[in-house]
Amino acid sequence: MLNSDHVLITDKKGEIINVVSKNEAGEGVEAFKGILCPGFINAHCHLELSHLKNVIPQKTGLIDFVIKVVSERHFAQDEIISAMNLAEGKMFQEGIVAVGDICNNSLSLLQKEKKNLHYYNFIEVSGWNPEVAELRFERSKSYYDEFIKGEVNTSMVPHAPYSVSGTLWGKITPLFSGKVVTIHNQETIHEDQFFLKGTGNFVKMYEMMNIDNSFYLPQKIRSLETYFKKFTKASSVILVHNTFTKQEDVDYINQNKPSHQIVSFCLCVNANLYIENTLPPVEIFLQNNCSIVVGTDSLASNHQLSILEELKTIAQNFPNIETETLLQWATINGAKALQMDNELGSFKKGKKPGLVLIENIVNKKITQNSVARKIL
């Protein structure tokens, strides 16, 4: 983090020309009070669920949350599109320049083709019963093909370990090569319990959703170990939520991660509090020098899609983390995870990363009164 003795020089379109000392900048320098930083990267979002704001009850736990989303998400198409447009507009105003967005249909494609923000689209694949694998794969592949025709960054990705059968994994794994992939990881304590012992609330969830689970035999290993090696050929892996990730999981990743691969832990802390009322083990990720990125999840599980609000919650609960570190998570780390760091994430000459002003900073710390607004 540079101090106020430095001046950022850009052209009118936001391309970075240089960062120089105040003495070299000459006259006509515009001064701002606060912190100037590159545009925020929202590494995990569900834009298509924006119409569910204030619809899903808080702190019910993941199982009931998932059931509610599945049963409540079917609104009129014009309502869904209008909500996405409004949500994207707010992200833009608050300085988000890029989004890693989960897609279960192609309704968001029209909004994304406007190119208000950079998107990496993750076409989500799910289907726990092996008998539906072919049908689910072909449906998701059709959405993938639509996005690819629009020349936008797109991957096919698994929803979560507990929602993708071995048969379906076999169909999508060959498509990971050279791509960014993401997965919802260890969001609830019941996830590891299910893979270790075949018991717990996931069994109840399958029953409530009329999903046949009779074929399943517990693998007697933790959730992350059941799938991580399937991502070997991906260039970047974003593990999302990680609310109940443990040291042994981080060790497993470090032992099995290919040297070419970036593995990032995505924090969506406000969604974690909304759903499980629990925070992820940030200290473990810090102690292991993990790559950390920041996401918002969806308006079904959050009150806003604001990276600054995520940083506020992190800063409030982990006050020893330096502001510079938080901003790295929200900018350059996210850009690298989404393979957009050639243009976004830092004030490097030739980039067009966006320019955000964070105001109401106290002793170089983000506070609950801090606000962010897009400058360029």
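Analyst: Let's begin with a term we'll need: contact means that heavy atoms lie within 4.5 Å. The structure is a predicted model, in which local features need pLDDT of at least 70 and side-chain atom pairs count only at pLDDT 80 or more, while totals for chains, interfaces and linings use all residues. Residues are numbered from 1 along each chain as its sequence is written, and side-chain values use heavy atoms, with hydrogens and water left out.

User: Thanks! Leaving aside neighbours within four places in sequence, which residues is Asn272 in contact with?

Analyst: With those neighbours set aside, the contacts of Asn272 are His241, Thr243, Asn277, Thr278 and Pro280. Asn272 is part of helix H11 (residues 269-275). Helices here are DSSP runs of H or I with at least four residues, strands are runs of E with at least two, and both are numbered from the N terminus.

User: Where is Ser140 found, and which residues is Ser140 in contact with?

Analyst: Ser140 belongs to helix H5 (residues 133-149) and is buried, at a relative accessible area of 5%. Beyond its neighbours within four places in sequence, Ser140 touches Ile123, Glu124, Val125 and Met156.

User: How far apart are Gly295 and Cys268 in sequence and in space?

Analyst: The two are 27 residues apart in sequence, while their C-alpha atoms are 4.9 Å apart in space. Gly295 is in the loop between S11 and H13, and with a relative accessible area of 0% it is buried.

User: How should I read two packed helices?

Analyst: Two packed helices are described by the angle between their axes and by the distance between those axes. Axes are lines fitted to C-alpha atoms, for helices over the stretch in contact, and angles between N-to-C directions run from 0 to 180 degrees. Here, helix H13 (residues 307-317) and helix H14 (residues 323-337) have axes that come within 11 Å and cross at roughly 145 degrees.

User: Is the crossing of H13 and H14 left-handed or right-handed?

Analyst: A crossing is left-handed if the near helix is turned anticlockwise from the far one by less than a right angle, and right-handed if clockwise. For H13 and H14 the crossing is right-handed. In the contact, Ile307, Leu311, Ile314 and Ala315 of H13 meet Leu326, Leu327, Trp329 and Ala330 of H14. Sorted by class, this contact has eight nonpolar residues, no polar and no charged ones. Ala, Val, Leu, Ile, Met, Phe, Trp, Tyr, Cys and Pro count as nonpolar, Asp, Glu, Lys and Arg as charged, and the others, Gly among them, as polar.

User: Which residues of helix H2 are buried?

Analyst: In helix H2 (residues 62-72), the buried residues are Leu62, Ile63, Phe65, Val66, Ile67 and Val69. H8 and H11 are among what covers them. An α-helix has 3.6 residues a turn, so residues three or four places apart point the same way.

User: How is a pair of aromatic rings described?

Analyst: The distance of the centres and the angle of the planes describe such a pair. Rings of Phe, Tyr and Trp (its six-membered ring) pair if their centres lie within 6.5 Å; planes under 30 degrees apart count as stacked, over 60 as edge-to-face and the rest as tilted. A search of the whole structure finds 17 aromatic pairs. Trp169 and Tyr227 have ring centres 6.1 Å apart and planes at 5 degrees, so this pair is stacked. Trp169 lies in helix H6 (residues 166-172) and Tyr227 in helix H9 (residues 223-227), so the pair ties together parts that are 58 residues apart in sequence. Trp169 is buried, at 5% relative accessible area, and Tyr227 is buried at 1%.

User: Which residues form one aromatic cluster?

Analyst: The cluster is made of Trp128, Tyr162, Phe194, Phe195, Phe202, Tyr206, Phe215 and Tyr216. Phe194 and Phe202 form a tilted pair, with 6.1 Å from centre to centre and 55 degrees between the planes, and both residues are buried.

User: Which ring does the charged end of Lys374 sit over?

Analyst: A charge sits over a ring if NZ of Lys or CZ of Arg is within 6 Å of the ring centre and within 35 degrees of the ring normal. Lys374 has its charged end over the ring of Phe92, 4.9 Å from the centre. The charged end of Lys171 sits over the ring of Phe137, 5.9 Å from its centre.

Definitions and conventions. Buried means under 20% relative accessible area, exposed over 50%, partly exposed in between (1.4 Å probe, protein chains only).
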